[in-house]
Amino acid sequence: MPKVLVIDDDRSVLRLVEKALVDLEFDYYSAETADAGMALLQEQRPDMLLLDIMLPDKSGLKLAQEIRAYDAKLPVVLITVSE
């Protein structure tokens, strides 16, 4: 089953994405901070990553650069909620 990691500090976004992915039979992992997300990425080796641009501990864009250095082939989709 494909694995998807979602890194987003908005719990409502995490719940919505989780429901969609579980219904599609994806394994779903989530983190609310950049540090927790990077740890999960290294532990679970997901097939795809949904990454919030605005995280509490680090810019999602900065984290995306770090992820590229760690795994250049991992598909990363940047997400955000506009207000």
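Analyst: Buried means under 20% relative accessible area, exposed over 50%, and partly exposed in between (1.4 Å probe, protein chains only). This is a predicted model, in which local features need pLDDT of at least 70, side-chain atom pairs count only at pLDDT 80 or more, and totals for chains, interfaces and linings use all residues. Residues are numbered from 1 along each chain as its sequence is written, and side-chain values use heavy atoms, with hydrogens and water left out.

Start with the loops. Glu25 is exposed, at 57% relative accessible area. Glu25 sits in the loop between helix H1 (11-23) and strand S2 (27-31). Helices (H or I, at least four residues) and strands (E, at least two) are DSSP runs, numbered from the N terminus. The phi of Glu25 is near 65 degrees, a positive value in a residue other than glycine. Most residues other than glycine have a negative phi. Arg45 also has a positive phi, near 50 degrees. Arg45 lies in the loop between H2 and strand S3 (48-52), and is partly exposed at 47%.

Now Gln44, in helix H2 (residues 34-44). Gln44 is buried, with a relative accessible area of 16%. Leaving aside neighbours within four places in sequence, Gln44 is in contact (heavy atoms within 4.5 Å) with Lys3 and Tyr29. The side chains of Gln44 and Tyr29 make a polar contact at 3.2 Å. Such a contact is a pair of N or O atoms within 3.5 Å; within protein, one must be able to donate a hydrogen and the other to accept it, and residues adjacent in sequence count only if both atoms are side-chain atoms.

H2 also packs on H3. The angle is about 20 degrees, and the axes are 11 Å apart. Axes are lines fitted to C-alpha atoms, for helices over the stretch in contact, and angles run from 0 to 180 degrees between N-to-C directions. H2 and H3 are therefore roughly parallel, a term for angles under 35 degrees. The contact is made by Ala34, Met38, Leu41 and Gln42 of H2 with Leu63, Glu66, Ile67 and Tyr70 of H3.

Finally, the core. The largest nonpolar core has 14 residues; Leu41, Leu63 and Ile67 are among those with the most contacts inside it. Strand S1 (3-7), H2, S3 and helix H3 (60-70) each supply at least two residues. H2 gives the largest share, 4 residues. A nonpolar core is a set of buried Ala, Val, Leu, Ile, Met, Phe, Trp, Tyr and Cys residues joined through side-chain atoms within 4.5 Å.

Methods
Parallel < 35°, antiparallel > 145°, perpendicular 65-115°, else oblique.
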